[in-house]
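Here is a friendly tour of one protein model, from a helix and its end to aromatic pairs and a surface patch. Please have the structure open as you read.

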Amino acid sequence: MGEDLFYLASKLMRFALYVELWPHILGALGVLALLVRWRRAALWFWLLSLGFVGFVMAAPVDRWIAGPLEARFMANPDLTGARGVLLMTGAENTDRTARTGLVNTGEAADRILATIALAHALPNVPVIVAGGQGRLDLQGHSLSEAEVSARAIREAGIAPERLTLESQSRNSAESAVNAAAIAREITPDLANQNWIIVTSAMHMPRAISSFCAAGWRSLIPYPVDHSPMADQWFSGEYRDKVAVMRRALHERVGALVYRFTGRAVSEDQTFALGCVLTR
């Protein structure tokens, strides 16, 4: 599958995984069934819609789906021997940043904050900021996600010469391939050795498997942006739960598609090939 076709298919798949819309879609199907006098089908659609909402409100579904992903790699890993930091973008709002001239972020801003902290703590290592535009619309955008994050990092006092931007990738697999080429250009003996990868905890398993498939080795996963999740039955807010479920389903389905198309390796291969130093 060509990269452009894969990119388009991945975005359409993402729309299909908007859990927030599922009860509304079921309700709308019930109305349509009633209009064509399929009363029993309409009743089933409405019961499924109400049942879905009720089950999500009562059960810790978000923890069941997302918990294992976020627990895959430990928080605050040992950074001994780290020779570079790579930030995977995804927190930036490029439109608002371009319009206002100020750095604007949305969810996952912890990625940027963690990268700034790591850059201060490890003052002699290079920093790669990887991420172009993951937008499906056809409008032109003057800024890439990497440029927005790099601006925030520079404003936090990190020297510009330490930063290298990768602004062409549209997904994790492309970021892994493009960033590997950049790492080799920075210093050949640094490439693919003991680089810290910063991204959201839920995204980290798919990111690491993509980097492993692209040839990276001895990575140090640095998961941040952990999700709020219900601890037990009848706890948590419905809106928060479905948001976490959407992200978790996106990661799980995305990981399967990446492996099927050769853009990622399995979890067993990740450890067998020595792609990570810490778990």
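## Helix 10 and its end

Gly 262, with a positive phi near 80 degrees, follows helix 10. Helices here are DSSP runs of H or I with at least four residues, strands are runs of E with at least two, and both are numbered from the N terminus. The model is predicted, so local features need pLDDT of at least 70 and side-chain atom pairs count only at pLDDT 80 or more, while totals for chains, interfaces and linings use all residues. Residues are numbered from 1 along each chain as its sequence is written, and side-chain values use heavy atoms, with hydrogens and water left out.

Helix 10 covers residues 238-260, and its 23 residues should span 33 Å at 1.5 Å a residue; the end C-alpha atoms are 33 Å apart, which agrees. The expected span is 1.5 Å times one less than the number of residues. Among the buried residues of helix 10 are Lys 241, Met 245, Leu 249 and Tyr 258. Buried means under 20% relative accessible area, exposed over 50% and partly exposed in between, with a 1.4 Å probe and protein chains only.

## Aromatic pairs

How many aromatic pairs does a search of the whole structure find? There are 8, counting rings of Phe, Tyr and Trp (its six-membered ring) whose centres lie within 6.5 Å; planes under 30 degrees apart are stacked, over 60 edge-to-face and the rest tilted. Phe 73 and Phe 271 make a tilted pair, 6.3 Å centre to centre with 50 degrees between the planes. This pair links distant parts of the chain, 198 residues apart: Phe 73 lies in the loop between helix 4 and strand 1, and Phe 271 in helix 11. Both Phe 73 and Phe 271 are buried.

Trp 195 and Trp 216 pair edge-to-face, at 6.0 Å and 85 degrees. Trp 195 is in strand 4, whereas Trp 216 sits in the loop between helix 9 and strand 5. Trp 195 counts as buried because its relative accessibility is 0%, and Trp 216 is buried at 0% too. Elsewhere, Phe 55, Trp 64, Trp 233 and Phe 234 form one aromatic cluster.

## A buried loop residue

Ala 91, in the loop between strand 1 and helix 5, is buried, with a relative accessible area of 3%. Beyond its neighbours within four places in sequence, Ala 91 has contacts (heavy atoms within 4.5 Å) with residues including Thr 105, Glu 107 and Ile 112.
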